[in-house]
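This report describes one protein chain for a reader who meets it for the first time. The sequence and the model are shown below.

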Amino acid sequence: MRQAQHRLTIATRGRGLVEFTRDARAFLDSSRLQLGQMTVFCRHTSASLLIQENADPSVCEDLQAFFDRIAPEGQGLYRHENEGPDDMPAHLRAALTPLSLVIPFADGELLLGPWQGLYLFEHRRAPHRREVVLHAVGE
């Protein structure tokens, strides 16, 4: 059993989804592992991870609109507003979505479905540089 790990920095443009499937595949390829699983971990409390459809961009737009409805911004809605009106809604959105994912791989390829991609889901309005840890274990 071997392991490989990489810290990936993802620049966001503010609220929305940023696909990083290619980066995860490139890391797995460089690890030379053929069979095992990859853990993907987001090191933040106001961003999260998703495996989602990557064929139609309207899916990401609809996801963003849904989260805008269930965790709205608004002054006075929350006690925790230390970093502005999008602070607590970002934490709520991150609480409802995963911070880590586990993806199996075989023959050196992630076993994602044909329409699936890996996304960082930025929940803050301002651009950020987010760190995602990729950790592959296998043979």
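The chain carries 15 positive and 18 negative side chains, and the centres of these two sets lie 5 Å apart. In this count Lys and Arg are positive and Asp and Glu negative, while His and the chain ends are left out. Each charge is placed at NZ of Lys, CZ of Arg, CG of Asp or CD of Glu.

The model is predicted, so that local features need pLDDT of at least 70 and side-chain atom pairs count only at pLDDT 80 or more, whereas totals for chains, interfaces and linings use all residues. Residues are numbered from 1 along each chain as its sequence is written, and side-chain values use heavy atoms, without hydrogens and water.

Several values describe the chain as a whole.

| Property of the chain | Value |
|---|---|
| Span of the C-alpha trace along the principal axes | about 55 × 30 × 20 Å |
| Accessible surface | about 7,900 Å² |
| Part of the accessible surface belonging to carbon and sulfur atoms | 50% |
| Buried part of the 139 residues | 43% |

Accessible areas come from the Shrake-Rupley method with a 1.4 Å probe, and for residues only the protein chains shown count as cover. A residue is buried under 20% relative accessible area, exposed over 50% and partly exposed in between. Of the contacts (heavy atoms within 4.5 Å) between residues at least 6 apart in sequence, 81% join residues at least 24 apart.

The secondary structure comprises three helices and eight strands, in the order β-β-α-β-β-α-α-β-β-β-β from the N terminus. These elements are DSSP runs numbered from the N terminus: helices are H or I of at least four residues, and strands are E of at least two.

Three strands form an open antiparallel sheet in the order 2-7-4; two strands pair if DSSP finds at least two bridges between them. Strand 2 (16–19) and strand 4 (47–53) each have a single partner strand, so one side of each is left without a neighbour in the sheet. From one strand to the next, the twist averages 35°. Axes are lines fitted to C-alpha atoms, for helices over the stretch in contact, and angles run from 0 to 180 degrees between N-to-C directions.

Four bridges join strand 2 to strand 7 (residues 116–122) in the antiparallel sense, and V18 stands opposite L120 in strand 7. Helix 2 (residues 57–70) packs on the sheet and touches strand 2, strand 4 and strand 7. The direction of helix 2 makes about 35° with that of strand 7.

G76 lies in the loop between helix 2 and helix 3 (87–95). With a relative accessible area of 64%, G76 is exposed. The C-alpha atoms of G76 and R25, which are 51 residues apart along the chain, are separated by 43 Å.

Technical notes. Buried < 20%, exposed > 50% of the residue type's maximum accessible area, 1.4 Å probe, protein only.
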